[in-house]
Amino acid sequence: MAQLRRVVEVRRTFKDKELDELFLVAMCELSESFSMRLFVTEALFVRSFRLFGTRTQQAEWVPKILAWESIGCFAMTELGHSSNLRGIETTATYDAANRDFIIDTPSLMATKIWIGMAGETATHTACLARLLVRGQDCGLHWFVVPLRDPKTGRLMPGVTAGDVGAKAGRNGLDNGWIQFTHVRVPRDAMLARWARVAADGTFHAGLNPEDADPANNVSPAAAAGLAYAGLIPERLEITRGIPMMLNQALTIAVRYAAGRRQGPAGNPQVLDYPSIQAALMPALARMHAVMAAAGAVWTTWHAMEEGGPNALLQGLPDMHALSAGIKATVTWDGADILERCRRAMGGHAYSRYNAIADYIGDYGVMTTGGGDNAVLVQQTARYVLAMARKSMADPNKFASTVAPTDSVAYLPSAVALAAEGVPPAVSDWTSLAQLHAVLQWLAVAKVQALGMSLASAPKGGMTRAWNAAHADISAVAQLHTHQYLARAIRIRAGDLEPTARDSAVAPAALQPTFVRLARLYLLDVLRQFARDLLLHGWARDVVEQLDVEFADACAQVRDQAMPLVDAFGLPDWILQAPLARADGDGYRAYLATIQNAPNCFGPPKYWDAEVRPLTAPAGRSRL
Ligand SMILES: Cc1cc2nc3c(=O)[nH]c(=O)nc-3n(C[C@H](O)[C@H](O)[C@H](O)COP(=O)(O)OP(=O)(O)OC[C@H]3O[C@@H](n4cnc5c(N)ncnc54)[C@H](O)[C@@H]3O)c2cc1C
């Protein structure tokens, strides 16, 4: 927290917005716990207001939060409910006589838990609760509830809260649990952009008149769905947060492998073994694909946020499905990549001094927090299935309703390809367009297979059939996401025309490098789904050729591996991994770090008490 306070104070002196942003990126790269504290307040808490608050509520709260006068948290998860938010039990009961809400935790399982910064520091929380008005359940809504006195840090009356204690990682962040006992909050504590309770206790679903204008007629049903949208930006943060961490791990692992030789002099650098290349080079390509997509997803999201309620609601289904797919696909990949980095460094990545061990501990939550991946892929697959059906029913109409940056824009052409009945052939393995078309075709082939297996479910057996199809559901969501990321890296490589919403094309001198990365990315993803390619008609020799092309693409990226990691621009003080020192003098620095560690030298304190009685018992000859 001392680090955070200092950062807040330093930022107050900045006049330059760009400097402020760069400073924050550097601090987030330096410290995972710091970045999470910053993220919880400045992203999750602020966005609760931006998404669910009226203009008045935003004007009142957002400046206070950004100035850190109010420290916030985001309380959605309960002990018994998270993947299934509809089960949320915390209640907000409107008391018309007092014109306020009573926030209550009605059962043990309704205890809010895992809430970042609720353990010690948050003064307020955005709390997801079930609104009860005149005995009627009016659905889930967000409420701002004070947790602690900003002066004393003591809990407010009726609030019981504490830290969740020791965790597998991120121990610099105070995740907490909260229980409310009839906590009264004023009527304007309900974030009331999409629904409100009048002073007399009448519940109004739909856009708050304060925010309404004739161009923005939002149906109450559409507005009701928004309570679940609060996590979309958190999921989109993956496009920035995962490369931020994994590029560090990749820099460390690639530098180590480039400087390491095993066996007699003249043996290759470890980085030249095809097995190490197959582990690390596709990981570089995957991170570049994610970074390339960040521009498009954030520009689209900001346009939705700033474009008024209609823009937000119109874009929501696609963005919801895409953000869920990105969250699941990229964090699953990231977990795999971190482990590969660790293994590529042999025993030395097991040392906490070389950073990767801590990344692995901190990372664990990424596949679970913000919605468990296994649940998120279902949301993506459900949407893709519905959109594919629409596209099949009337491709022209469908094509006219989607924007090029919509994640489903590829469906009409991929559906047409699938209708040909034979898998697309690859005549040129260096053609990004051909490889991308195969990926999109496979996504549609999997969607169609999923649709057929669900269609054969017996009456009343749809839930069972859906749950049984989890492997196909997961494949659909991942393929759909990868084809979106592939579009982004092709644009970066200068291989596709960007729209105004896409990230910039790389400078001409760098485009050949991005072409190599894009090719490797596509080949790697196709290899990941080789079983599905075979099942959907690719011949065995084509899959074998895929392996050959993949090895070639790895070797091509390996040639540029060192400049690629150097280009991440991560200085030694951020990497904090002596073996990956930029000047190449890693072994000396590593050993010095080990030797400077506490208890490195000398007999341990327990020697006389515990070891000596065994090795040199009193009265026995030393011989
Ligand atoms: C470090 C950390 C920080 C967090 N920060 C916050 C925070 O600030 N605010 C907040 O509100 N929450 C926070 N969370 C909570 C997090 O969002 C939840 O842990 C997450 O949504 C998963 O819910 P759960 O733990 O209840 O798991 P469960 O839902 O119990 O999942 C258990 C298993 O069941 C599977 N499963 C569940 N439903 C289905 C299904 N329908 N189909 C197939 N499989 C299913 C899951 O995939 C998982 O493997 C945090 C969690 C952690 C660990």
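Buried means under 20% relative accessible area, exposed means over 50%, and partly exposed lies in between, using a 1.4 Å probe and protein chains only. With that in hand, let us work through some exercises.

This is a predicted model, in which local features need pLDDT of at least 70, side-chain atom pairs count only at pLDDT 80 or more, and totals for chains, interfaces and linings use all residues. Residues are numbered from 1 along each chain as its sequence is written, and side-chain values use heavy atoms, with hydrogens and water left out.

**Exercise 1. T111**

Find where T111 lies, decide whether T111 is buried or exposed, and list what T111 touches.

Solution. 
- Step 1: look along the chain. T111 sits in the loop between β3 (100–104) and β4 (112–116). Strands here are DSSP runs of E with at least two residues, helices are runs of H or I with at least four, and both are numbered from the N terminus.
- Step 2: apply the opening definition. T111 has a relative accessible area of 6%, so T111 is buried.
- Step 3: collect the contacts, meaning heavy atoms within 4.5 Å. Setting aside neighbours within four places in sequence, T111 is in contact with T77, E78, L79, T105, W177, I178 and Q179.
- Step 4: pick out the polar contact. The side chains of T111 and Q179 are joined by one of 3.0 Å. A polar contact is a pair of N or O atoms within 3.5 Å; within protein, one must be able to donate a hydrogen and the other to accept it, and residues adjacent in sequence count only if both atoms are side-chain atoms.

**Exercise 2. M76**

Describe the surroundings of M76.

Solution. 
- Step 1: M76 is found in the loop between β1 (72–75) and β2 (91–95).
- Step 2: the relative accessibility of M76 is 9%, so M76 counts as buried.
- Step 3: leaving out residues up to four places away in sequence, M76 touches L85, I88, K112, I115, L128, W142 and L231.
- Step 4: compare sequence with space. M76 and C127 are 51 residues apart in sequence, and their C-alpha atoms are 6.2 Å apart.

**Exercise 3. Salt bridges**

Solution. 
- Step 1: A salt bridge is a side-chain nitrogen of Lys or Arg within 4 Å of a carboxyl oxygen of Asp or Glu.
- Step 2: count. A search of the whole structure finds 33 salt bridges.
- Step 3: E237 pairs with R240, with the closest N and O atoms 3.1 Å apart. E237 is buried at 16% relative accessibility, whereas R240 is partly exposed at 38%.
- Step 4: E339 pairs with R343 at 3.4 Å, N to O. These two are 4 residues apart in helix α9 (residues 308–344), so about one helical turn separates them. E339 is partly exposed at 21%, and R343 is exposed at 53%.
- Step 5: look for a network. Salt bridges link K446, D472, R531 and D532.

**Exercise 4. Positive phi**

What is phi of M117, and where is M117 placed?

Solution. 
- Step 1: recall the background. Most residues other than glycine have a negative phi.
- Step 2: phi of M117 is near 75 degrees, a positive value.
- Step 3: M117 is in the loop between β4 and β5 (124–133), and M117 is buried at 0% relative accessibility.
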